[in-house]
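Reader: I would like to learn how to read a few local features in a structure. Please take them one at a time.

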Amino acid sequence: MDWYRQEFDIPQTASTQQTLHLLASEQLIIAQDAGNYAITNLGALLFARDLNDFPTVARKALRVIRYDGPSPISPSRSKTFFSGYAKLDQALEYVEALLPGQEVIQGARRVTLRMFPHMAIRELMANMLIHQDFSITGTGPMICIFDGRIEFTNPGSSLVDVARLLNDPPHSRNEKMAAICR
């Protein structure tokens, strides 16, 4: 709850009841008849320390696989990130560390130039996580890194015809998650 308060600028002086009300209004928790609260799948997906604690969404953890060469014949590394999607800075750093880069001297500084821009990787990762089809079970989002390319995959098909991606307006499969992550 502290991380949520910090991320959304909720003052520390806010009472527990105020914070619970805000979490419920965002559909991250739901009030139960006994006066307790339960964490929703949305709340778990975004803010869980460990998605394995939530069986309904445990398979939606992000998996990153690095392959040697251009094909999926020889995987060299694999790591699964079990934290909620709102805290994927470690995953982003991990992905960027696996990408090819080149060190160059710019003025008096040594700079690492990555094959893919940081902002592009971040946006692709966020879109892959937010727009997956959660009704498809047994599979989750995955990033596969090959020599010369990176692939982002998630369960479900595009809501927009792939031939019309540039012309059609965007559609979100998971509006609430998209709004919170924005």
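The dialogue below goes through salt bridges, a helix residue and a backbone angle.

Reader: What should I know before starting?

Author: This is a predicted model: local features need pLDDT of at least 70, side-chain atom pairs count only at pLDDT 80 or more, and totals for chains, interfaces and linings use all residues. Residues are numbered from 1 along each chain as its sequence is written, and side-chain values use heavy atoms, with hydrogens and water left out.

Reader: How many salt bridges are there by the rule?

Author: First the general idea. Side chains of opposite charge can pair when their charged atoms come close. The rule asks for a side-chain nitrogen of Lys or Arg within 4 Å of a carboxyl oxygen of Asp or Glu. The count comes to 5. One of them joins R66 and D147, at 3.0 Å from N to O.

Reader: Which parts does the pair of R66 and D147 tie together?

Author: R66 sits in strand β3 (residues 62-67), and D147 in the loop between β7 (142-146) and β8 (149-153), so the bridge ties parts 81 residues apart in sequence. Strands here are DSSP runs of E, at least two residues; helices are runs of H or I, at least four; both are numbered from the N terminus.

Reader: Is R66 buried or exposed?

Author: Cut-offs come first. Buried means under 20% relative accessible area, exposed over 50%, and partly exposed in between (1.4 Å probe, protein chains only). R66 counts as buried because its relative accessibility is 15%. D147 has 42%, so D147 is partly exposed.

Reader: Which residue forms a salt bridge with R149?

Author: E151 does, with the closest N and O atoms 2.9 Å apart. R149 is partly exposed at 32%. E151 is partly exposed too, at 30%. Another bridge pairs R122 with E123, at 2.9 Å from N to O.

Reader: Where does Y94 lie, and in which helix?

Author: Y94 lies in α4, residues 89-98. Its relative accessibility is 19%, so Y94 counts as buried.

Reader: Which residues does Y94 touch?

Author: Contact means heavy atoms within 4.5 Å. Leaving out residues up to four places away in sequence, Y94 touches V64, R77, S78, K79 and F81.

Reader: What is the phi of Q27?

Author: Most residues other than glycine have a negative phi. Q27 has a positive one, near 65°. Q27 lies in the loop between α2 (16-25) and β1 (29-31). With 45% relative accessibility, Q27 counts as partly exposed.
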